[in-house]
Amino acid sequence: MSDEFDPKIVLFACNWCTYAALDLAGTSRMKYPPNFRVIKVMCSGRVDPQFIIEAFMQGADGVLVAGCHLGDCHYLEGNYKAMRRMALLKRMLNDLGIERERVRLQWISASEAGKFVEVAKEMVEQIRTLGPLTRRVEVST
Amino acid sequence: MTDKPKIAMYWCASCGGCEEATVDIAERILDLTSLVDIVFWPVALDFKEEDVENLPDGSVTASLINGGVRLTEHDHMIKLLRKKSKIVVAYGACSAWGGVPGLANLYRKEELISLVYHETPSVVNPTRVVPERRSIVDGAELELPDVFPYLVPIDQAIDVDYYVPGCPPTADVTWKAIETLLSGRLPPKGSIIGASEKSLCDECPLNQTKPEKILIQDLKRPHQVIPDPEKCLLTQSLLCLGPATRGGCTALCIRARMPCTGCFGPLDPVSDYGAKAASFIASIIDFDDEKSVEEVIDKLPDPIGTFYRYTLATSRLAGRLTEGKR
Amino acid sequence: MKDIVITPTTRLEGHGKIVVCLDDNGDCNKAYLQIPELRGFEKFAEGRHAEDMPQITSRICGVCPMAHHMASTKALDDLYRIEPTNVAKKIRELVYSIFMLEDHAIHVYVLGGPDFIVGPTAPKAERNILGVVAKVGKETALRVISMRKTLRKTNEMLAGRTINPVIGLPGGVSRPISSSEVEELKRIGNEAVEFALFTLKVFKDIVLSKKEYVDAIASEAYTHRTYYMGLVDEHNRVNFYDGKIRVITPKGNEFAKFEAHDYLDQLAEHVEPWTYVKFPYLKQVGWRGFTDGEDNGIMSVAPLARLNVADGMATPLAQESYEEMFKVLGGRPVHHTLANHWARVIEIVYAAERLRELANDPEIADPRIRNLPSEVPRVGIGVVEAPRGTLIHHYETDNRGVIRKANLLVATQHNAARIALSVDKAARNYVKQGRVDQGMLNMVEMALRAYDPCHACATHTYPGSMPFTIYVYRDGRLIETLRREFR
């Protein structure tokens, strides 16, 4: 069964660093798994935890938030905010039974296309092993 | 029947606090009864379900429903009231977001039954009896109602027009909501009525002491510290959810020197209060390295009970029926 | 065999359903009170911060949130092995007395009282607060509304909120009383005592002066000979806030006196398949089914039980009334369920006097309201007397103070078995030859109402509530529906 399961992963990519890395991976003809639904944001700090939760509620099996390295944020502080929020959110999601491997925060600079490919492959395999994320089955009322 | 607008009130899985809150409008209840006809209110009046069924559809001006949906009976009754009403109002935290009993969604129904009837230290149950939907006792057939596997706010069962926040809503908020409903100038559908459009900080007595930029380097739980009563509690590292919570309650808890726990729920346009409140608290942690941030977060072993205390039932991530790893 | 199903039971908190079973002559041979509520507090307490429990458990019940808040706070004192400051204890007992007074008053005037103030066989349309108003006059009714409002506003000031108070913390309370508030409290104390004596007078004039009511109170149909349980202070007098748990036998001898900590040696819970409520009973005696008597561990709590168990009341006017009641009803213990109404009025007097005492205590505005805990938490057990009986909160935590296990033995539960007996007995007495009418049904419900039961509390385990309806079945076919959705 798990061989047939293809994880759906939402990727929030910051415009200045990670999205550029994705472009670079593409133009360099790097192969990476097609499981990612990419949402471009101007900064990883823009990613409201509500987005992540909504992604899970709508059918994502995993969420990757990626942005500039700490200290390199185009808006100076945005990625620090992302780092703090993700630390707490991961804790909360874990308490709701959502495994830590499903939510990931990664710093990927504009030149790190290779890094992105590595992370992508790793995350897809981890989640494939975990299986699809179950959501509350609506009881017909 | 007179030409006065008709009002109905009903309770689902309720602790009774919202009913008490309604009665707390005290003398104003006499003003209310001169303005409206209360056609259904199980707590206080004698009208029956048949009386509601016999009303023409849409003839009830407003139905105020409190409590979350847990039994098939609740679902049945609120669907009936929806048919008969122009406006349905989710009154109180439980009907709006599931409330405190929504925390039961963290566990499966089987776990609840197992703890209560087999595992508590005082229970003596060697034959492993549990309450049954149908049981035969001495020839009599006895029935208990069907319980859903988890609790939901009423807007997941019926269409809801307005929400009145609070656990329970205060008397003033209740009165303002009633005035709004009877005013003839209804706000957009889906609005939260009776309370403030601003966060709690706006009406907090300690607001003047709140710096423009709050930053914290620690998180203290209320039993660990005696706060200075003249300073913003967040600046003293107490976890006050005031900035993320809708105002309207006059900051009662803060006046008693306890931090806000978020019972008035989210401001517009937040849909997931727990996530938003957690986001706020996390973003003011004044450390730039992950390790120090984690150390602060470790001071709060129960983030779900803290941020989602009144709103967990709105999240479909809790209450998953399949075997999820914990 | 025909079953009569009575639902709603009216003028009570929470929901319930009574099933009355008839034999072939149409006489009742058995009745059951089913509680269809269940919520899960004991389970979802797991994982919560212990210090959040006073505010979480107060949501078990919107009528008596203060009772849970206080039992929970005391469990936290025990959990952290920290003694509250003297003034914190006084503040807690003060807000608690205000709450008991206000809660009991509602039962007397709105819930159970109408049975007597208007009359048990009066038409149902009159047997409610409106009938009470007609009987005692609008001025009196406004006085009751006003007193309730004053008391509730006072507790909003002192405890943060009326519904769902916030001040309870291990080692004390969060908010001191300011010296400017003390004058107001003294005034309210006086007003409360006047109001309590007024209520006693109303009760005497309207109820005790009528032979038919006194006969109804003393009638066998509403009498059960069970054990009784309640909190007593060091002089064996009633105390709502603190003390030891005392149990007496049906004959009135002391059977046990124990600290809340030892409750598991004394109390156990029994499960039946036809109701969600569990039935606590005395472990040392044992469970022998639904019968009275010294051989069966069924006990009773709440006003009558508390007065039975105690040797007296701690305040003078209440003590006078206490002596009077036992004189009229033939000595301690009194087994007549309906005497709960009288005992409740006496407790109103005590609560008011105690409130006045504490308001006048010179220490009450002392600012030293908290001792900070320093011990590592493990197990905490707290007890109070809720309006409806003994309430125990028991928490086990990890060393961070996160709840691992919780057990709640809630007031109305302790009465659950006796309530079942009462409903059964009253139904057998009054349902004859299949005659089912409003008057008869009310006689059955009166048995229930005297306990002032709180089923939201009793079934703290899963949410649910159901309007009550009366279904009359013959041979499995629904032949009649009677309804009373009245609280």
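Trainee: Which domains does the domain assignment give for chain B?

Mentor: The model is predicted: local features need pLDDT of at least 70, side-chain atom pairs count only at pLDDT 80 or more, and totals for chains, interfaces and linings use all residues. Residues are numbered from 1 along each chain as its sequence is written, while chains are lettered from A and ligands numbered from 1 in the order in which they are written. Domain bounds come from an automatic or database domain assignment. For chain B this gives domain 1 (6-100 + 149-182), domain 2 (106-147) and domain 3 (200-314).

Trainee: What separates the centres of domain 2 and domain 3 of chain B?

Mentor: The centres are taken over C-alpha atoms. The separation between these two domains of chain B is 39 Å.

Trainee: In what order do the strands of the open sheet of chain B lie?

Mentor: Strands (E, at least two residues) and helices (H or I, at least four) are DSSP runs numbered from the N terminus, and two strands pair if DSSP finds at least two bridges between them. Strand E2 (37-40) and strand E9 (162-164) of chain B are the edges, each pairing on one side only. With parallel pairing, the 5 strands follow the order E2-E1-E3-E5-E9.

Trainee: Which residue in E2(B) is the bridge partner of Ala8(B)?

Mentor: Strand E1 (residues 6-11) of chain B runs parallel to E2(B), and 3 bridges join them. In E2(B), the partner of Ala8(B) is Phe40(B).

Trainee: How many residues of chain B are in contact with chain C?

Mentor: Contact requires C-beta atoms, placed from the backbone, within 7 Å. On the side of chain C, 75 residues take part, and on that of chain B, 72.

Note on methods. Contact = placed C-beta atoms within 7 Å.
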